[in-house]
Amino acid sequence: MIRPYVLADTNWKHLKNENFELAVLPWGATEAHNYHLPYSTDVIEGTSIAEESARIAWEKGAKVIVLPTIPFGVNTGQKDIYLDINLNPSTLFAILKDIITVLNRQGIKKFMIFNSHGGNNWKAIIRELGLEFSEMFLCVSEWYKLADQGAFFEQPGDHAGEMETSMILHLAPNLVLPKNEWGDGAEKKNTISAFNEGWAWSERPWSKISEDTGVGNPELATAEKGQHFFEEVCRKMAKLFVDISKANIEELYQ
Ligand SMILES: [Zn+2]
């Protein structure tokens, strides 16, 4: 079925007289996720959630279009992990600028980065592009932050843990290795406590903090948990799509 809210599906016949309010760009990464999840984990999650959220929003009348997912993200900390593909932050800036230049020229003034990878940092980029494209409304959302993961998972984990393993068991179970192949996602902490407390930051060299590339134990992951979380995330995200689509961006604050 051709989904009118997914750019990769639709066609010029439908688009030549269309007027979208909001464009959503899922942005993932291609990287190892413990031993057992696919390199496309962040791409599968971001694409599936964005498209399902857009479906719900579209049925409520929101004029939203999901652009094709960017498959590569910032993986500067994984340079020695085989085939983790890195785009530098300045490359993200350049790609994003080209894309919003098209949207701005064609009158789609509301834009959301649908971030699916923790290494992609958007605030500084949005601040700078926001000055340049001052008639646009630019925002970012991070689906993994929008629901209380603790309500859905025993130990959600940061990377390829219970949450992400559950999500892929739900979304692409044929791509998950059997449970006896899963690593435990044990994480080595920094010996300087400030970095663990979150008020000092330094990039973690991934291969030094995790043996299996995971951070968080996937052991209790199930497809059912993944489905419940997916549905909750899409429900809330769809409301955000509707809210942004209908909002007058000149009158956001009262
Ligand atoms: Zn991930």
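How do the residues of the lining of the largest pocket divide into nonpolar, polar and charged? There are 15 nonpolar, 17 polar and 14 charged residues. Here Ala, Val, Leu, Ile, Met, Phe, Trp, Tyr, Cys and Pro count as nonpolar, Asp, Glu, Lys and Arg as charged, and the others, Gly among them, as polar.

## About the model

This is a predicted model, where local features need pLDDT of at least 70 and side-chain atom pairs count only at pLDDT 80 or more, while totals for chains, interfaces and linings use all residues. Residues are numbered from 1 along each chain as its sequence is written, and side-chain values use heavy atoms, without hydrogens and water.

## The largest pocket

The largest pocket holds about 1400 Å³ of space. A pocket is an open set of points on a 1 Å grid over the protein atoms alone, where a 1.4 Å probe fits, with protein on both sides within 12 Å along at least five of seven lines; lining residues have an atom within 4 Å of a point. The volume is the space filled by probe spheres set on the points, which are joined across faces, edges and corners.

Look for Gly118, Gly119, Asp158, Arg204 and Trp206, which lie nearest the centre among the 46 lining residues.

## The second largest pocket

The second largest pocket has a volume of about 420 Å³. Of its 18 lining residues, Leu7, Phe20, Leu103, Gln106 and Ile108 are the closest to its centre. By class, this lining has 13 nonpolar, three polar and two charged residues.
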